[in-house]
Amino acid sequence: MPVPEAVPRPGPRASGRLPYAVCAALLLLLTGCAAAGTAPGPAAVRTGAHAPTGSAGAAGPGAAAARGPAAPTGPHEIRMLGQVARSAIPAESRQALVVTGNSPDSSEATAVLYTRDDPTVGWQPAAGPWPAHNALYGWTDEHWVNDLRTPIGVYGLTAAGGLLEAPGTELPYVQSPAFTVSGEGFDGESLEGSFDYVIAIDYNRVPGASPLDPTRPLGEDRGGGIWLHVDHGGPTQGCISLPEDRMEELLRILDPAKVPVIVMGDGAALAR
């Protein structure tokens, strides 16, 4: 059975970095992945004419009357996202985990969870920023199996699982020994515990199915098994990894009724 992209496998490294052998003990029916700063919503823009009256800049009696009311502002958008990413978020989504890569070729990123509980207010930061890792060679608009890049885009978060018991989550959760993994990552770090908690990212998979489901609607050559999972301290094969306590927190927060999504890519790609 093929080793999932969730397990970082040895491959060509950037110049000057040696690959590490991976002794993966995980036998999943997958061919996919797995192994900065705050981003508050934009401040309201206020406009209004201030007519100077009196002398030396002092406001005279007519100043209040001359000052127009603040122009209404629309619901807050997620500031770093451009029109392409914003339009890809479903209208019914009220939770969005935004993962912003440091650069197109970087394996380091930052994650912030936004919520949109009041449509008149718009998106607000709810948790984070959290440090994250993505694939060894960064990001891509067109992911292929073994390209060691994470797919850019907006994808649903509809199922979870892990080696450990669910920490309390509304997402469908599969606990299984199939999430056991061992070996070393690209930087020689231990992979043990990487799949203690995972959340399936709906890239090339059936939404709502177990993270272990091998179905690849786009075809096997387009990769799959792209997960959020526990960070092991180095680049992934194509997944997004977060510290274990942040994965626990995220599992507790995500609510299927709020149609959660992940918005992920390098900063320039997300700003398009």
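## Strands side by side

Histidine 229 stands opposite serine 241 in strand E10. This comes from a predicted model. E10 covers residues 240-242, and E9 pairs with E10 in the parallel sense over three bridges.

E9 itself spans residues 227-230. Strand E8, residues 198-201, pairs with E9 in the antiparallel sense, over three bridges. Here histidine 229 of E9 stands opposite valine 198.

## The whole chain

The chain has four helices and eleven strands. Of its 272 residues, 48% count as buried. The chain exposes about 11,900 Å². Carbon and sulfur atoms supply 56% of that area.

## Nonpolar cores

The largest nonpolar core holds 31 residues. Ile199, Leu228 and Ile262 have the most contacts inside this core. A second, separate core has twelve residues, including Ile89, Ala96, Val112 and Val263.

What does isoleucine 262 touch, not counting residues up to four places away in sequence? The list is Leu97, Val99, Gly153, Val154, Tyr155, Leu157, Ile201, Leu228 and Ile240.

## One side of a helix

Helix H3 runs over residues 244-253. Its residues Met247, Leu250 and Leu251 are buried. They cover an arc of only 100° around the axis, which puts them on the same side of H3. An α-helix has 3.6 residues a turn, so residues three or four places apart point the same way.

Threonine 115 lies in strand E2, residues 108-115. Is threonine 115 buried or exposed? Its relative accessibility is 16%, so threonine 115 counts as buried; the cut-off is under 20%. Leaving aside neighbours within four places in sequence, threonine 115 is in contact with Arg94, Gln95, Gly122, Trp123, Gln124 and Ala126.

Isoleucine 152 sits in the loop between strand E5 (150-151) and strand E6 (153-162). Isoleucine 152 counts as buried because its relative accessibility is 14%. Its contacts, leaving aside neighbours within four places in sequence, include Trp139, Thr140, Asp141, Met264 and Arg272. Valine 99 is 53 residues from isoleucine 152 along the chain, and their C-alpha atoms are separated by 9.9 Å.

Technical notes
Residues numbered from 1 in each chain as written. Predicted model: local features only at pLDDT ≥ 70, side-chain atom pairs only at ≥ 80, totals over all residues. Heavy atoms only, no water. Pairing = 2+ DSSP bridges. Helix = DSSP H or I, 4+ residues; strand = E, 2+ residues; numbered from the N terminus. Core = buried A, V, L, I, M, F, W, Y, C linked by side-chain atoms within 4.5 Å. Buried < 20%, exposed > 50% of the residue type's maximum accessible area, 1.4 Å probe, protein only. Contact = heavy atoms within 4.5 Å. Arc of directions from axis to C-beta. Areas by Shrake-Rupley, 256 points an atom, 1.4 Å probe, with all protein chains shown as cover.
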